[in-house]
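Here is a set of questions and answers on one chain. Each answer works towards a value or a name.

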Amino acid sequence: MIPMAKVTLLACTPEPEKLIAASAKLCYSPSSIDTIRDGLTEEKTSSFVHMLAEIGHESPIEHASFTFGIEGVSRSFLAQITRHRIASYSVQSQRYVAENSFEYVIPPEIEAIPEAKEEFLAAMREDQLHYERLTTLLEAKHRETLLREGKTEKEAARAAQKMAIEDARFVLPNACDTKMICTFNARSLLNFFSHRCCNRAQWEIRDVACQMLALVKEAAPHIFEKAGPPCLRGACPEGKMSCGKMNQVRERFGVRP
């Protein structure tokens, strides 16, 4: 079992807001590339960024990128975050990394019910046993085949182990933990926060999204000033599917009525 997700901002574009302001300025100014940053004080940079938000000119925002390290999340989370296609992902592979004594994420609702938690833990123990047994059986078969093909003991052992875990991983649960590095541009992040900071988002990806938002707000406060679920900026777009807690959500994100 592992604790809740941990998110780290590993890197971001240097002076992201100034770069965005310069990119926007170029669209409306006869300035050369060499002089386009001239006069971009903090105040003018902020003004440009706010103007882009007001007029809906979002393409300059794509020039800033942010790279995160995310760990302590489930394979279920992985399936959700990679639906956001305008991003780059590097994920720890179950083909190359053996899941011996694998860690896993317990959903809070299961954690809160002793009987449900015990059932869940029993399933995790059983999955681990199946994984190890499958790995052993497959590894023995592949090793024998590779030796017959002329591989040395060392070569056969190494290759057989990789071949075994490639198929044994199919028995592993969605709860199995993973870690990744991912990079988003700022425009894609704004879209990500709109969908995943919402109360209707699944709890795990919502937790990660809110951690990511807190980190980028420190790095680029003007870009992400109004980032978050849509109800921070107006009426909830979910209609009858709304969580009905708009005021509480706004309070949580520090938005004044």
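Q: How exposed is tyrosine 89, as a relative accessible area?
A: The model is predicted. Buried would need a value under 20%, and exposed one over 50%. Tyrosine 89 counts as partly exposed, and its relative accessible area is 22%.

Q: Is phenylalanine 184 buried or exposed?
A: The cut-off for buried is under 20% relative accessible area. Phenylalanine 184 has 0%, so it is buried.

Q: What is the geometry of the aromatic pair of tyrosine 89 and phenylalanine 184?
A: The search of the whole structure finds seven aromatic pairs. In the pair of tyrosine 89 and phenylalanine 184, the centres are 6.2 Å apart and the planes stand at 85°. Planes over 60 degrees apart count as edge-to-face. The pair is therefore edge-to-face.

Q: How many residues apart are tyrosine 89 and phenylalanine 184?
A: Tyrosine 89 lies in strand S3, residues 87-91. Phenylalanine 184 lies in strand S4, residues 177-185. The pair links distant parts of the chain, and the separation is 95 residues.

Q: Which residues do ring pairs link into a cluster?
A: Tyr89 and Phe184 both belong to the cluster.

Q: Is the crossing of H5 and H6 left-handed or right-handed?
A: H5 spans residues 114-148 and H6 spans residues 153-168. Their axes come within 7 Å and cross at roughly 140°. H5 and H6 are therefore oblique to each other. The crossing of H7 and H8 is left-handed, whereas that of H5 and H6 is right-handed.

Q: How many charged residues are in the contact of H5 with H6?
A: On the H5 side, the contact includes Tyr131, Glu139 and Arg143. On the H6 side, it includes Glu153, Met163 and Asp167. The residues divide into 13 nonpolar and three polar, and the charged ones number four.

Q: With which residues is serine 23 in contact, leaving aside its neighbours within four places in sequence?
A: Serine 23 sits in helix H1, residues 16-28. Its relative accessible area is 16%, so it is buried. Beyond those sequence neighbours, its contacts are Pro60 and His63.

Q: Where is glutamate 15?
A: Glutamate 15 has phi near 45°, a positive value in a residue other than glycine. At 48% relative accessibility, it counts as partly exposed. Its place is the loop between strand S1 (6-12) and H1.

Q: Is serine 101 buried or exposed?
A: Serine 101 also has a positive phi, near 50°. It is found in the loop between S3 and helix H4 (108-111). Its relative accessibility is 58%, so serine 101 counts as exposed.

Technical notes. Residues are numbered from 1 along each chain as its sequence is written. This is a predicted model: local features need pLDDT of at least 70, side-chain atom pairs count only at pLDDT 80 or more; totals for chains, interfaces and linings use all residues. Side-chain values use heavy atoms; hydrogens and water are left out. Rings of Phe, Tyr and Trp (its six-membered ring) pair if their centres lie within 6.5 Å; planes under 30 degrees apart count as stacked, over 60 as edge-to-face and the rest as tilted. Helices (H or I, at least four residues) and strands (E, at least two) are DSSP runs, numbered from the N terminus. Buried means under 20% relative accessible area, exposed over 50%, partly exposed in between (1.4 Å probe, protein chains only). A crossing is left-handed if the near helix is turned anticlockwise from the far one by less than a right angle, and right-handed if clockwise. Contact means heavy atoms within 4.5 Å. Axes are lines fitted to C-alpha atoms, for helices over the stretch in contact, and angles run from 0 to 180 degrees between N-to-C directions. Angles under 35 degrees count as roughly parallel, over 145 as roughly antiparallel, 65 to 115 as roughly perpendicular and the rest as oblique. Ala, Val, Leu, Ile, Met, Phe, Trp, Tyr, Cys and Pro count as nonpolar, Asp, Glu, Lys and Arg as charged, and the others, Gly among them, as polar.
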